[in-house]
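Welcome! Here are a few friendly notes to read alongside the structure, with charged side-chain pairs as the topic.

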Amino acid sequence: MTVATSRHPTAGHPEPAGVDNRLVVGGAALTWRSLPTPALPDPAAVLAHSAVHALTAARQHAVHGTELLLSTASRVDAAMRAELLEAGFTVGVLDDDGVHPTPPARPRAAEPGRLWLLTSGSTGRPKRVGHTLDTLTTVRADQPDRTWLCPYAPGTYAWWQVVTLSLTQPGQHLVVVEPDELDDWPAVAAAHGVDAASGTPTFWRRTLYRDADALARVPLRQITLGGEPVDQAILDQLREVFPTARISWIYASSEVGASIVVHDGRAGFPVDWLDRATPGRPTLSVRDDELVVTSPYHGAGLAGPVRTGDRVQVLDGRVLITGRLDSDEINVGGSKVSAGVVRGVLAEHPAVAWSRVTGRRAPVLGRMVVAEVVLAPAGVASTDTGVPDEAALVRWCADRLPEHAVPRRIRVLTDIPVKETLKSDV
């Protein structure tokens, strides 16, 4: 790779503590130290051509503090590009030849050390949230040596969480997979000694669905889930494959940072964590069924309580995050239905590998509950009565849900859909 490089680290910008950690990207073994530091405009909105170019931009920021928004071209449409230019960023694709810049019409002074994230867009168009490496670095205690899989899209909050861990902690190595390697990531991970992996529930479900045996050959000691509601079914499925691994789920967002970490193998978090104020830690609250977080890791301008937009349900001493407020609630003839609760019931069926639950317009009722499912592979999907059809799945729901919450239509898909963010539309 021949990316144009900038000056070497200076006394004012020392190398990060994890500079000698191993990186495997595109099949090549590197270290943070061996990556070039590209010459970036300041401030820069960098659209990385590949995973290795994203890593070079991250190292450049860690060394030089360039104001940086990092993403991929596919996540920045024409409207967002115009918005970034209007905000004073130089926008450019970073590849082996360096940055191909489009300068703003009205340049501005850079804000040293500022990192910008684009939200996932689950509430509409993505928006910018300001951070620093310090607010993105939430793992600070010494960690056992690990080799982490990084499957996330560059520049997302989850990507920065894995990357900052490797940048700031010696012994935290990275194996980065490109989008075209996702279907075969267990083979890549096993070949390079990955023993820790972070992914969304959709990422884990899709891997189990496609090749559970290949996943079982990866020597995982740490499994992390986040980015979507985490239900008991996926936790139990991973525990069955990896009985000795630590399985953790994390609630985090661009706005409030990493706010909840649970290691006990159960969905949700204990209700007695609510409204517990501890110095240096997030405070969790519930207002009108919405999770509210006050976090020291918040984005710029978001100090104090932040309404997350995530709906919660308190059940059996646990606080469950069921989905987004604007999409989780379905009004069926005046009765409220949580799409997340229905999704959880479907996920408990032994033959269901994945499900999505939404509302659809209906006469008289206004809305009705409908679902899409992907069945587990043959041999796994079979039950005592064979592979379930739509009627059998409706009966399963009817035995566990009030009548108005039972899906009226269930469509079977042939594969688990996934977006670049590793999420489904749930």
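Predicted model: local features only at pLDDT ≥ 70, side-chain atom pairs only at ≥ 80, totals over all residues.

1. What does Asp-415 form with Arg-206? The two make a salt bridge, and their closest N and O atoms are 3.8 Å apart. Asp-415 sits in the segment after strand E24 (409–413), while Arg-206 belongs to helix H6, so this pair ties together parts that are 209 residues apart in sequence.

2. Arg-206 also meets Asp-183 in a salt bridge between side chains, at 2.8 Å from N to O. Here, too, distant parts of the chain are linked: Arg-206 is in helix H6 (residues 201–216), and Asp-183 is in the loop between strand E10 (172–176) and helix H5 (185–191), 23 residues apart.

3. Is Arg-206 buried or exposed? Its relative accessibility is 16%, so Arg-206 counts as buried, because the cut-off for buried is under 20%. Asp-183, at 41%, counts as partly exposed.

4. These contacts belong to a network of salt bridges that links Asp-183, Arg-206, Arg-210 and Asp-415. When you follow the network in the viewer, do look for Arg-210 as well.

5. Another pair to visit is Glu-403 and Arg-408, whose side chains meet in a salt bridge at 2.5 Å, N to O. Glu-403 is exposed, with a relative accessible area of 57%, whereas Arg-408 counts as partly exposed at 30% relative accessibility.

6. How many salt bridges does a search of the whole structure find? The count is 23.

Conventions: Residues numbered from 1 in each chain as written. Heavy atoms only, no water. Salt bridge = Lys/Arg side-chain N within 4 Å of Asp/Glu carboxyl O. Helix = DSSP H or I, 4+ residues; strand = E, 2+ residues; numbered from the N terminus. Buried < 20%, exposed > 50% of the residue type's maximum accessible area, 1.4 Å probe, protein only.
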